[in-house]
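Subject: Structure for your review

Dear colleague,

I am handing over the structure we spoke of, and my notes on it follow below. Please read them with the coordinates open beside you.

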Amino acid sequence: MLREIRPAIVVLVMLTVITGLVYPLAMTGIAQVIFPYQAKGSLIERDGKVVGSALIGQEFDSDKYFHGRPSATTAPDPKDPNKTVAAPYNAANSGGSNLGPSNKALIDRVQGDVDRLKKENPSANVPTDLVTTSASGLDPDISPEAAYFQVPRVAKARNLAENQLRQLVSDHIGARFLGLLGEPRVNVLLLNLALDRLSAG
Amino acid sequence: MTIIGWVQILLFCVIIIAITPILGAYMTRVFSGERTLLSPILRPIEVAIYKVAGVNEQSEQHAVTYTVGMLLFHVGGFLILYALMRWQQWLPFNPTEQSAVAPDLSFNTSVSFITNTNWQNYGGESTMSYLVQMLGLTHQNYLSAATGIALAMALIRGFARHSVRTVGNFWVDMTRCTLYILIPICMPYALFLVWQGIPQTLGPYVDATTLEGAKQTIAIGPVASQIAIKMLGTNGGGFFNANAAHPFENPTALSNYVQMISIFALGAALTNVFGRMVGNQRQGWAILSVMGVLFITGVSFCYWAEAHGNDALNALGLTGGNMEGKEVRFGIIGSALFAVITTAASCGAVNAMHDSFTALGGMIPLINIQLGEVIVGGVGAGMYGMLLFVIISIFVAGLMVGRTPEYVGKKIEAKEVKMAMLAILILPLMYLGWTAIAMLVPSAVSAMGNPGPHGFTEVLYAYVSQDGNNGSAFAGLSANTLFYNVSGAVAMFVGRFWMIIPTMAIAGSLAAKKTVPASAGTFPTTGGLFVGLVVGVIVIVGGLTFFPALALGPIVEQLSINAGTLFSAN
């Protein structure tokens with residue numbers, strides 16, 4: 001039995017160094033060379049400033065922008081570090097609502113959002129993804145229906161023609177991979193960046 | 001449910017069946033010590049390790065020595081990981097200045113990662129330094145996976161050999177598995193994931209100014225290298241709190257699909273390794289068929305439940321299924337399929353929040369783990385878990401005809417059956433016992449994130465997941481408390497090692513037996529009758545142990561929703 005102690009230590013240390021240091025550091029070096037944009041977090045700059053990541057959703061509140069899905073992420077309460085407060089799209093603390101299907105708090109929240117959105121656009125069905133929180137709280141996408149649903153509001157706030165915005169949305173729909181995997185979706189940040197360019201131009 | 005959804009399920013099964021014999025052939029070569037394509041590069045490293053460690057690769061170990069080596073190795077791994085977490089504030093690669101991890105959380109996490117559970121009572125991006133993520137967690141992702149495969153190989157050798165005292169050399173199996181199987185797959189895999197959008201950097205978190213002018217801190221890090229082994233080794237511990245739902249862990253529909261395939265790849269291939277080593281690949285395919293029957297049943301049910309959605313929300317006019325706690329890019333099928341795969345295998349990565357699944361949809365992941373994660377299962381652990389059920393099934397078949405049961409030429413006798421039952425029964429004993437105790441501890445009850453029967457399901461799921469070394473969660477439960485950290489660590493430890501030790505006893509006992517030639521009275525173990533029998537035994541053993549607990553959780557919850565009853569806190 002004691003004979004097994006030396007191999008236990010040596011094999012552990014050597015495999016630890018190989019898998020815990022050599023492997024991740026080598027991958028970092030290679031990735032930084034061949035995929036520098038992705039390896040650094042797919043960051044988007046505008047006028048020399050980082051405005052976000054193409055893969056990470058961010059909070060949009062104003063009528064001038066398309067909104068993402070509700071986000072359930074939290075942050076430590078500045079008054080009491082043992083508690084948390086709502087902090088939508090906190091990209092340093094991902095997570096979902098974890099509300100169960102029979103929880104009245106879930107049903108009440110969805111009911112409130114449905115009522116609010118129905119007032120905003122009475123002519124269309126409320127898209128499901130606009131009233132449900134994502135798993136990460138950082139979902140960068142909404143469904144095409146959810147984007148079209150918001151066109152009247154954004155058009156009014158920006159004084160743009162609805163047709164023009166519909167075209168913009170349709171240009172930003174990401175298709176299923178090979179027509180099979182995933183769901184059609186619209187990246188909200190990229191759509192809003194294009195929207196700003198449209199208004200500016 | 002859509003045609004596209006069913007095509008994705010079907011295509012997944014086809015791909016797994018296609019890669020099983022290829023990986024199986026390669027793994028058989030590796031564990032038989034034969035030369036492979038990679039030998040010119042890897043052989044010198046391998047030899048160097050043996051030399052420094054004083055290992056003679058020709059000399060094999062008895063099952064007991066093999067097990068002792070494995071245990072010593074884990075003591076060391078535990079100490080390294082615990083120390084790294086406790087001291088991370090003084091160590092390098094900590095650009096976000098994370099402070100020391102609390103003792104009980106470090107204890108729980110260390111046990112969690114050495115047992116291939118990867119249960120997480122913490123949010124990765126808000127707790128761990130890059131050094132802990134790499135040297136502590138990525139490394140245990142590798143080694144706990146290699147351990148599982150090594151142990152499965154020992155048991156397979158027990159069946160394949162005859163009249164010998166040894167089952168292989170633990171140090172050789174660990175080294176070969178890591179060098180020849182895990183690393184060569186993970187390197188291109190990690191780069192593929194970076195290409196899809198997963199970060200791989202040592203730089204600090206990024207501060208962005210959003211279009212609306214708010215500040216957004218974006219957590220990044222050496223993510224891709226960890227995600228590759230997290231999936232391939234069925235570990236499942238996320239770099240980020242939201243795990244594979246986080247866009248930086250799983251950015252696209254393609255990365256999602258490839259991750260699902262990689263969860264099953266090695267576990268499915270081991271059935272083929274088994275077939276090759278006992279001299280008849282059909283033995284392996286029969287076992288994979290058992291897994292396939294249970295898998296398809298679970299996927300179909302879960303997909304149906306999630307696509308149907310939550311009736312309480314559908315009443316408000318929502319359509320298109322249950323999207324609470326799911327990501328748009330994966331949709332219903334990409335989430336339901338992932339949930340079933342991750343719990344059928346003992347992976348435990350999640351790309352959607354299981355806590356927010358419908359009552360019946362969320363029950364399927366729970367059942368998958370409760371069945372012992374034998375549907376492909378954790379790398380290695382699924383294989384030996386399934387062989388334990390095979391032993392019980394063969395025993396039952398033997399009782400029916402009144403003949404000593406035999407399997408792939410080995411007589412299955414009292415010792416093997418007793419050890420198999422011991423390993424199978426410890427699982428429900430642990431999770432039912434701890435759930436019952438938790439229900440009596442007021443602080444444990446108040447940690448529930450949801451009221452009513454769903455809160456009970458959260459606690460049950462927590463112990464089932466830790467005991468089964470899965471690691472996924474009904475994450476509403478605030479489990480980072482002294483009670484849950486310690487009791488969970490006990491469940492993980494017992495769930496892993498109490499299963500391994502009887503398994504190794506079986507391996508040693510089988511290896512020493514003679515092979516008996518098949519005769520007209522031998523029960524054929526490659527046909528449909530055998531597959532049906534094993535499926536039946538798994539379902540009956542499982543059903544008898546956990547059905548009452550399910551009745552108190554998801555089943556009563558679904559009945560309540562049907563009756564229009566909702567639950568609110570206080």
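What percentage of the 570 residues of chain B count as buried? The model is a predicted one, and in it 62% of the residues of chain B fall into the buried class.

On the overall form of chain B, the C-alpha trace spans about 75 × 55 × 45 Å along its principal axes, and the chain holds 19 helices and six strands. A compact globule of 570 residues would have a radius of gyration near 25 Å, and because chain B comes out at 23 Å, the two agree. If one takes the contacts in chain B between residues at least 6 apart in sequence, 79% of them join residues that are at least 24 apart.

Turning to where the two chains meet, 106 residues of chain B are in contact with 88 residues of chain A. Helix H7 of chain B (residues 170-196) gives the most to the side of chain B that touches chain A, contributing ten residues. Sorted by class, that side of chain B has 58 nonpolar, 40 polar and eight charged residues.

Just after H2(B), B:Gly54 takes a positive phi of about 70°. The other is helix H17 of chain B (residues 453-467), in which B:Gly455 lies. B:Gly455 counts as buried because it has 24 C-beta neighbours inside 10 Å, where 20 or more are needed. Once its neighbours within four places in sequence are left aside, B:Gly455 is in contact with B:Met448 and B:Asn450. B:Gly476 is 21 residues from B:Gly455 in sequence, and their C-alpha atoms are 8.5 Å apart in space.

In chain A there is an open sheet of three strands, with the order E5-E7-E6 and antiparallel pairing. Strands E5 (141-142) and E6 (173-174) of chain A stand at the edges, and each has a single partner strand, so one side of each is left without a neighbour in the sheet. E5(A) pairs with strand E7 of chain A (residues 185-187) in the antiparallel sense over two bridges, and A:Ile142 stands opposite A:Val186 in E7(A).

With best regards

Conventions:
Residues are numbered from 1 along each chain as its sequence is written. Chains are lettered from A and ligands numbered from 1 in the order in which they are written. This is a predicted model: local features need pLDDT of at least 70, side-chain atom pairs count only at pLDDT 80 or more; totals for chains, interfaces and linings use all residues. Helices (H or I, at least four residues) and strands (E, at least two) are DSSP runs, numbered from the N terminus. Two residues are in contact if their C-beta atoms, placed from the backbone, lie within 7 Å. Ala, Val, Leu, Ile, Met, Phe, Trp, Tyr, Cys and Pro count as nonpolar, Asp, Glu, Lys and Arg as charged, and the others, Gly among them, as polar. Two strands pair if DSSP finds at least two bridges between them. The radius of gyration is taken over C-alpha atoms; the globule rule is 2.2 Å times the number of residues to the power 0.38. A residue is buried if 20 or more other C-beta atoms lie within 10 Å of its own, exposed if 12 or fewer, and partly exposed in between; C-beta atoms are placed from the backbone.
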